[in-house]
Amino acid sequence: GVNHVGLKADTEAELGEIQDRLHAANRDTFDQPAAECCYAKSTKTWVRDPDQVAWETFVTHGQITHYGSDVAPQSD
(Lines give C-alpha, C1' and ligand atoms only; values in the text may rest on other atoms or scores of the structure.)
Protein backbone atom coordinates (compact mmCIF):
# COMPACT_ATOMS: atom_id res chain seq x y z
CA GLY A 1 0.00 0.00 0.00
CA VAL A 2 0.84 3.65 0.01
CA ASN A 3 2.96 4.80 2.98
CA HIS A 4 2.27 8.51 2.46
CA VAL A 5 1.90 11.17 -0.21
CA GLY A 6 4.03 14.32 -0.33
CA LEU A 7 3.20 17.79 -1.65
CA LYS A 8 6.20 20.12 -1.88
CA ALA A 9 5.61 23.86 -1.61
CA ASP A 10 8.11 26.21 -3.20
CA THR A 11 7.99 28.85 -0.43
CA GLU A 12 6.94 29.33 3.20
CA ALA A 13 4.07 31.50 1.97
CA GLU A 14 2.80 28.73 -0.30
CA LEU A 15 3.02 26.22 2.58
CA GLY A 16 1.09 28.70 4.75
CA GLU A 17 -1.69 28.80 2.16
CA ILE A 18 -1.90 25.01 2.15
CA GLN A 19 -1.96 24.94 5.97
CA ASP A 20 -4.74 27.55 6.01
CA ARG A 21 -6.82 25.44 3.61
CA LEU A 22 -6.38 22.33 5.73
CA HIS A 23 -7.43 24.21 8.87
CA ALA A 24 -10.42 25.76 7.06
CA ALA A 25 -11.49 22.24 6.06
CA ASN A 26 -11.49 21.29 9.76
CA ARG A 27 -8.84 18.62 9.23
CA ASP A 28 -6.68 17.46 12.12
CA THR A 29 -3.12 18.42 11.30
CA PHE A 30 0.29 17.79 12.83
CA ASP A 31 2.94 20.47 12.32
CA GLN A 32 6.69 19.82 12.28
CA PRO A 33 8.46 23.19 12.09
CA ALA A 34 12.01 21.75 12.17
CA ALA A 35 11.87 18.33 10.52
CA GLU A 36 14.97 16.51 9.28
CA CYS A 37 14.32 13.83 6.69
CA CYS A 38 15.79 12.53 3.47
CA TYR A 39 18.95 14.64 3.81
CA ALA A 40 16.88 17.85 4.10
CA LYS A 41 15.69 20.40 6.66
CA SER A 42 12.00 21.12 6.20
CA THR A 43 8.89 22.67 7.68
CA LYS A 44 6.02 20.17 7.42
CA THR A 45 2.34 19.77 8.07
CA TRP A 46 0.74 16.32 8.03
CA VAL A 47 -2.91 15.41 7.52
CA ARG A 48 -4.73 12.11 6.92
CA ASP A 49 -7.37 11.61 4.26
CA PRO A 50 -10.62 9.68 4.89
CA ASP A 51 -8.80 6.42 4.02
CA GLN A 52 -6.15 7.25 6.66
CA VAL A 53 -3.39 7.84 4.10
CA ALA A 54 -0.92 10.40 5.47
CA TRP A 55 -0.36 13.52 3.35
CA GLU A 56 2.84 15.45 3.98
CA THR A 57 2.94 19.09 2.88
CA PHE A 58 6.37 20.67 3.18
CA VAL A 59 8.89 23.29 2.15
CA THR A 60 12.60 22.47 2.21
CA HIS A 61 15.11 24.92 3.71
CA GLY A 62 18.40 23.19 2.96
CA GLN A 63 20.38 19.99 3.05
CA ILE A 64 21.80 18.01 5.97
CA THR A 65 24.62 15.46 6.02
CA HIS A 66 22.57 12.62 7.54
CA TYR A 67 19.37 10.93 6.38
CA GLY A 68 17.15 12.13 9.25
CA SER A 69 14.44 10.12 10.96
CA ASP A 70 11.18 11.97 10.37
CA VAL A 71 8.11 9.73 10.07
CA ALA A 72 4.42 10.27 9.48
CA PRO A 73 2.41 10.64 12.70
CA GLN A 74 0.37 7.60 13.67
CA SER A 75 -3.40 7.64 13.11
CA ASP A 76 -5.82 7.20 16.00
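Predicted model: local features only at pLDDT ≥ 70, side-chain atom pairs only at ≥ 80, totals over all residues.
**View 1. Thr 43 stands opposite Val 59 in strand 4.** Five residues separate strand 3 from strand 4, and the two make a hairpin. In its turn, Gln 52 has a positive phi of about 70°.

**View 2. A salt bridge joins the side chains of Glu 56 and Lys 44.** The N to O distance is 2.7 Å. The pair ties together distant parts of the chain. Glu 56 belongs to strand 4, residues 54–63, and Lys 44 to strand 3, residues 40–48. The structure contains one salt bridge.

**View 3. Strand 1 runs parallel to strand 4.** Strand 1 covers residues 4–8, and five bridges connect it to strand 4. Gly 6 sits opposite Glu 56 of strand 4. Glu 56 is also the residue whose side chain meets that of Lys 44 in the salt bridge.

**View 4. Strand 2 and strand 3 pair in the antiparallel sense.** Strand 2 spans residues 29–37, and seven bridges link it to strand 3. Glu 36 stands opposite Lys 41 of strand 3. The hairpin of these strands has two residues between them. Which residue of this hairpin takes a positive phi? Cys 38 does, with a value near 55°.

**View 5. Strand 3 is largely enclosed by the rest of the structure.** Why is strand 3 described in this way? Seven of its nine residues are buried, so the rest of the structure largely encloses it. Thr 45 is buried, with a relative accessible area of 0%; the cut-off for buried is under 20%. Thr 45 and Pro 33 are 12 residues apart in sequence. In space, their C-alpha atoms are 8.1 Å apart.

**View 6. Four acidic residues gather in a surface patch of negative charge.** Which residues make up the patch? They are Asp 10, Glu 14, Glu 17 and Asp 20. Asp 20 is placed in helix 1, residues 12–24. Asp 20 is exposed, at a relative accessible area of 52%; the cut-off for exposed is over 50%.

**View 7. The protein chain follows the pattern β-α-β-β-β along its sequence.** This view sets the close-ups in context. The secondary structure amounts to one helix and four strands. Strand 1 and strand 4 are parallel. How many residues does the chain have, and what percentage count as buried? The protein chain has 76 residues, and 32% of them count as buried.

Notes. Residues numbered from 1 in each chain as written. Heavy atoms only, no water. Buried < 20%, exposed > 50% of the residue type's maximum accessible area, 1.4 Å probe, protein only. Pairing = 2+ DSSP bridges. Patch = residues over 30% accessible without salt bridge, like charges linked within 9 Å, V, L, I, M, F, W, Y side chains within 5 Å. Areas by Shrake-Rupley, 256 points an atom, 1.4 Å probe, with all protein chains shown as cover. Lys, Arg positive; Asp, Glu negative; His and termini not counted. Charge placed at Lys NZ, Arg CZ, Asp CG, Glu CD.
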